[in-house]
Amino acid sequence: MTRLVRSKVSTDARKSFICDLPTEILHKILEHMPIQDAAITSTLSKRWNQMWSTLPHLVFDSQFLDFAFNYSFDSEFDAGVGNAARIINTILLQHTGPILGFHFMSNDDYMAKYLDPWIIFVSKHGIQKLTIHLPNGSCLYELPYGIMTCSSLTHLEVLASTVFRPSDCVKFPNLVSLELVDTQIECKLIEDTLILPMLETLKLISCRVLGRMRLVAPKLENLTIDNIDIENLNPIVTSIKHLSLDRLSLEMLAELFHVAADRLVLPQNLQTLKICALGISVEQFSGALILLRGSSNLYELDLSVAVEVDESRTTELFSYLSTAESHLNEAFRMIQKVRVR
Amino acid sequence: MASSTTGEKKILTLKGGDNEEFILEESLVLQSELLKNMVKEERVSSIPLPSIKSKTLVKIIEYLKKHAELTPSNKEEFKNFEKEFVNVVLEELLDITVAVNYLKINGLLEFCCQAVADRIKDKSVEAVRKIFRIESDFTPEEESEFRKETPEAFEGDLDDTTN
């Protein structure tokens, strides 16, 4: 009781200055600390309690999972997993505002079996940014169907041994950014069509494509492909402005341009091109040249060169370079900035 | 509009809460989304900012100047400056944070919020209450319930697991 009296006096004399901060700043402050620390602030006062229960972005990273495991008095592994799951359940159930971000970033996949209800839950509470990291998985995790039709979702990042099985015509209606790492993209039919009407950024790294996936993304501007068999994925390069690819993708893409030059349109709007581990070979150079020549608006080129020259083919390379000189000059005409590492 | 002055640097006056005036180059204030829009929309040469104390404004202008000089070679120096910048009494840090939020200087806002967060994390509830002068307005019953339910009382959950 004395505390209540004291509180009145002190608010008159000098108000607790941090409580005067607007909600958006308090939320931002809470989001700059580990979620287990943010949770503790809920017991400071009623205002803080409300801030905590309306926190828009929830991050459950490996640090949080370590914390939950350490706080499990039972040293059994399953007890630790159960404890972490229980804490996340409690946090979601006590949450009273929209959940704009849900980021689950584990170093392992032992929590995979708990994820579905959380993803479904946040998909019904205004989720915009969803991140799932479950690396080193022994079995494949499949994203629940509900998230694919979620209309609030704008950013999806999945780094996991995951099956991505968007059945035909299902689309992420408002997805702006999609990043898939280590993911198996499976088609239900022989050729599936995935329409992503709002997609601007697509990153596909170390993904396997089973079946043929036809991507339709009219607004795509940034494309990154690395270690992925794009043969089974139609290269949607027509509208992109920023392209980043690895040596293998470059060769595949170049081959596709050779084979189906009439069907494919070169990325005419391309502004920046980044090639990781460009090989020093005729195939690589000619592939890069096709892209360069087709992109009349390109102004920035970023190459990281893998220095491994096949000695037996150097003459071939030099003769190629001497014949392609005029093409090279033409290709480099518009470029303002070149970075070679 | 902006093309009228060529070669000459455009000058802008910011007026702090206590009517103190600060004269600076217009290019500096463009780091603030709010001021940028004001300058772009209408040709103003003086902007009153009555909600921001002059002391706070001095600090923010100091940051804007340093940030404008940032190059890849003095990155380290800038980092040290940033560290010193938030090394002020809490009340001042919060004043800066609120002002930066109002002015919409995004990079600095993130940095300030991180600095405030760093003063909260890893501390006990009582310690945070003391530092920030927060009085609990919970009833003793509520308090004891919280200790059971909420994450500070993750321990409460744990008791169940060991049963």
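A helix here is a DSSP run of H or I at least four residues long, numbered from the N terminus. I note at the start that this model is predicted.

**Entry: chain A overall**

I looked up the helices and strands first. Chain A has twelve helices and 13 strands. I then checked burial. Of its 341 residues, 49% count as buried. The accessible surface of chain A comes to about 16,100 Å². Carbon and sulfur atoms hold 53% of that surface. Next I took contacts between residues at least 6 apart in sequence. In chain A, 58% of these join residues at least 24 apart.

**Entry: a nonpolar patch**

Which residues make a nonpolar surface patch of about 250 Å²? I found A:F332, A:V338 and A:V340. I located A:F332 in helix α12, which spans residues 325-332 of chain A. A:F332 has a relative accessible area of 34%, so A:F332 counts as partly exposed.

**Entry: cysteines**

A disulfide is a covalent bond between the sulfur atoms of two cysteines. I searched all chains and found zero disulfides. A:C276 is in none, and the nearest cysteine sulfur, in A:C207, is 15 Å away. A:C276 is partly exposed at 25% relative accessibility.

The cut-off is 2.5 Å. Is B:C112 buried or exposed? B:C112 is buried, at 0% relative accessibility.

**Entry: salt bridges**

How many salt bridges are there over all chains? My search of the whole structure gave twelve. I looked at some of them one by one.

A:E221 pairs with A:K241, with the closest N and O atoms 3.3 Å apart. This pair links distant parts of the chain, 20 residues apart. A:E221 lies in the loop between β8 and β9, and A:K241 in the loop between β9 and β10. A:E221 is partly exposed at 29%. A:K241 is partly exposed too, at 27%.

B:K53 pairs with B:D95, and here the closest N and O atoms are 2.7 Å apart. These residues are 42 apart in the chain. B:K53 sits in the loop between β3 and α3, while B:D95 sits in helix α5. I read 46% relative accessibility for B:K53 and 26% for B:D95. Each counts as partly exposed.

B:E21 forms a salt bridge with B:K15, at 3.9 Å between the closest N and O atoms. B:E21 is partly exposed at 48%, and B:K15 is partly exposed at 27%.

Last, I noted a network of salt bridges. A:E300, A:D302 and A:R339 are linked in it.

Note on methods: Residues are numbered from 1 along each chain as its sequence is written. Chains are lettered from A and ligands numbered from 1 in the order in which they are written. This is a predicted model: local features need pLDDT of at least 70, side-chain atom pairs count only at pLDDT 80 or more; totals for chains, interfaces and linings use all residues. Side-chain values use heavy atoms; hydrogens and water are left out. Patches are made of residues with over 30% relative accessible area and no salt bridge: like charges are joined within 9 Å, nonpolar side chains (Val, Leu, Ile, Met, Phe, Trp, Tyr) within 5 Å. Accessible areas come from the Shrake-Rupley method with a 1.4 Å probe; for residues, only the protein chains shown count as cover. A salt bridge is a side-chain nitrogen of Lys or Arg within 4 Å of a carboxyl oxygen of Asp or Glu. Helices (H or I, at least four residues) and strands (E, at least two) are DSSP runs, numbered from the N terminus. Buried means under 20% relative accessible area, exposed over 50%, partly exposed in between (1.4 Å probe, protein chains only). Contact means heavy atoms within 4.5 Å.
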